[in-house]
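Subject: Structure handover

Hello,

Here is the structure I promised to pass on. Please open it first, then read my notes below.

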Amino acid sequence: MQRTTLRRTTPATTATTAEPRARHVTTRTRDPSPSSARAPTLPPSSMRLAGAELIDSREILPGQWLQAFHAPELVAGARAGQFVHVRTGDYSGLVLRRPFSFNTIDPIAGTLTIHFRTIGRGTEWFTRLRPGDRVDMLGPLGRPFEVDPRTRHVLLVAGGLGIAGVRALADEAIRDGRQVTLLFGAARASEVYPSSLLPDEVEYVVATDDGSVGHHGFVTDLVPDYEAWADQAFACGPQPMLRALAGLAASRRSRLGVASLGRKRGAGRPIPAGSPQARRRAFLQVSMEQNMGCAVGACLGCVVMDTKGVPQRVCREGPVFASDEIAWEGGW
Amino acid sequence: MVKARRRVVTNGGAPTKRRPTVRRIKSAILPATRRAVHGNGAGGPAPAERRTGPAAPTSPEREIDLAVDLGRGLRLENPILVASGTFGYGVEYGDVVDVQRLGAICCKGTTLRSRVGNPTPRVTETPGGMLNSIGLQNPGVDAVIDKYAATWSGWRVPVIVNVAGESIADFTEVARRLDGQPGIAGIELNISCPNVGKGGIQFAIDAEAAAAVTAAVRRATDLPLLVKLSPNVADVRPIARAIADAGADALTAINTLSGIAVAPSRARPLLGNVYGGLSGPAIKPVALRIVYEVSQVVDIPVVAIGGVTELADVLDYLAVGAVAVQVGTAIFADPTLPARLVDELAAECRLRGLDGYRPLIGTALPKRAGPPSAKGVEYRP
């Protein structure tokens, strides 16, 4: 009993100290061998199949639900950007699990929350769950957002339900002492994510398509104001929004003339695209969405095309990608 | 009705209840000692361990014989396989699934050259099933061998490589490259993929073409050869007979049913490839019908696949003449299902007072003069 409490309290403290150490290690390992061009390392096979108990279920917006589950095995080691694959109880009709991003992760309490919109029979099944009900979860899956240890200012961009993909990163960045601005876009005021559900430290800027609250227009209109301030940006939302952001990120250096992270250290050494180091250096990381089958990389259902013409699995190489890895126009 | 007069050569033990009309063939091909289907070297001591290890200390109950021989030395420890395309290359599920407990693994469809597959969306759920149109995305046979053969050869579970191609030459070349590679226990010919433009289903809808590709691959390799049938045909029986006559060791029935879904906007079909293959519990009645038909017209083992989600489904397929079943779509919901089915099948046999599952096979087929065929099941006199 004593031992478990000891272990539970550690993640919050080790995470802050681990990152500078990690940077040190990468510079050392890159030097001795020319093997830096090897394939990006896959996530450690830390995924687990475990039961999760529903402890809270609320409809926070019309048709949008926030559910909290107690699942200590899944939460241990989970990071922002990863997701869980949840089985519905109705196998006769619903044969696939449902993937949900970690909306918040509390390793100390062993809880996680998921945020979803009711769009079909599967999500409606989840809304009928009552506290105490158990579901079967597979996770944590996918690769997380990679924040550069030197990043001070974090820009989060979310479109609609995309908030569920970046919400956990706000917690993680604030815990690590970074400043966070969240740009949020929605169709109308009634769909704006409640600011009460965000940490106090987050600067929250809203855009709505109909102008009923905040900026009248797309959330991408707000990005240029924050581009120079931000060291790194992280986005999740509809594909057109991500594509527009990727365009802004690609032209950022020429428009702003700002120094990008990591130019001095390791200049000239190739870093394999898709590796954590490469993603850490990217200005923009995006969390992608695709219809998913197995969520472990077996079925190849959830791919996005990368710039080299190789399909990348959202569930395994993603869901987080550096924006310059993705072939935004077409692909096939 | 002409029957394919072929029969799987079993363990070499004295067959006691064979129908007199069946000729024994290919007895020369099968060496007396089993080929190393369980991996080289490592497979040697394993069976002895298995037989003595768990039996003695744990279960005072009877050890149930679940072993099945799919022909040409492809001996599986149990009749629960995982279906191609649903289990990747066997490594993806990591620690969540103990792959060594499976009867066999059918890996993702493999072609001669790498393929990027179809545009997304590639999968969608449908009532009681799902549609997929992956489009045979794979890195090509050489990359598959490089990447996974070494891993597979260390496994006790046999790995059957699912092979697809655009032409007979493609199929034979892939088979030739797989031949003799360690860790590859057999080939499943995917002549019935509904999701690719060229070389997909056309081989499976015509008896002559199916026989031609089967015969060509048969000449190219000595590996055990399974051929996967398509349900998207008017009558599968002549095709099954032709494939059996052309030298296949076993048949897999069935591949997915061709279908489409419409996008929520109603502006276009949902899948990037428009057409997809339907799988899951929704197709079980169709698969049952085809297994029922095919198992009556061929004398090679039939491996059933289609909507297996529980033990009752396995028993149903055995009753209509299958000797083994593949689990596919259900793995996505419950990755531990195949291994659990093995235990449940053994428990079911124990409950019925059986030593093996052979008596469960073919019980629902029309009564014939002889006893129910035990196609492919190893005889243990």
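This is a predicted model. I start with confidence, then take each chain in turn.

**Confidence**

The predictor gives the complex an ipTM of 0.79 and a pTM of 0.80. Chain B has an average pLDDT of 82. In that chain, 78% of the residues score at least 70. The lowest confidence in chain B is in helix H1 (residues 46-52), with a mean of 41. The highest is in strand E14 (residues 324-327) of chain B, at 96. Take care with residues 8-58 of chain B, where pLDDT stays under 50. For that stretch the model has 61 contacts beyond four places in sequence.

**Where the chains meet**

**Chain A: a sheet and a helix**

Chain A has an open sheet of seven strands. Their order is E11-E10-E9-E8-E12-E13-E16, and the pairing is mixed. Which strands stand at the edges? They are E11 (215-216) and E16 (320-322) of chain A. Each has a single partner strand, so one side of each is left without a neighbour in the sheet.

Look inside the sheet next. E9(A) and E10(A) (residues 203-208) pair in the parallel sense, over six bridges. Gly185(A) has Ala207(A) in E10(A) as its bridge partner.

Now find helix H6 (residues 239-250) of chain A. Its 12 residues, at 1.5 Å a residue, should span 16 Å. The end C-alpha atoms are 16 Å apart, which agrees. Buried residues in H6(A) are Met241(A), Leu242(A), Ala244(A), Leu245(A), Ala246(A) and Ala249(A). An α-helix has 3.6 residues a turn, so residues three or four places apart point the same way. What do the buried residues of H6(A) pack against? Their partners in chain A include strands E8 (153-159), E9 (179-186) and E12 (232-236). Helices H5 (223-227) and H7 (252-256) of chain A are also among them.

**Chain B: strand, helix, strand**

Start at strand E13 (residues 302-305) of chain B. Both of its faces are covered. Val302(B) and Ala304(B) are buried on one side, Val303(B) and Ile305(B) on the other.

E13(B) pairs with E10(B) (residues 250-253) in the parallel sense over three bridges. Here Ala253(B) stands opposite Ala304(B). E13(B) also pairs with E14(B) in the parallel sense, over three bridges. There, Val303(B) stands opposite Ala324(B).

Asp313(B), Val314(B), Asp316(B), Tyr317(B) and Leu318(B) are the buried residues of H7(B). They pack against H6 (284-297), E13, E14 and H9 (337-351) of chain B. After H7(B) comes Gly321(B), with a positive phi near 110°.

Is Val320(B) buried or exposed? The cut-off for buried is 20 or more other C-beta atoms within 10 Å. Val320(B) has 23, so it is buried. Leaving aside residues up to four places away in sequence, Val320(B) touches Leu288(B), Val291(B), Tyr292(B), Ser295(B), Ala364(B) and Leu365(B).

Best wishes

Notes:
Residues are numbered from 1 along each chain as its sequence is written. Chains are lettered from A and ligands numbered from 1 in the order in which they are written. This is a predicted model: local features need pLDDT of at least 70, side-chain atom pairs count only at pLDDT 80 or more; totals for chains, interfaces and linings use all residues. Helices (H or I, at least four residues) and strands (E, at least two) are DSSP runs, numbered from the N terminus. The expected span of a helix is 1.5 Å times one less than its number of residues. A residue is buried if 20 or more other C-beta atoms lie within 10 Å of its own, exposed if 12 or fewer, and partly exposed in between; C-beta atoms are placed from the backbone. Two residues are in contact if their C-beta atoms, placed from the backbone, lie within 7 Å. pLDDT is the predictor's confidence in each residue, from 0 to 100. Two strands pair if DSSP finds at least two bridges between them.
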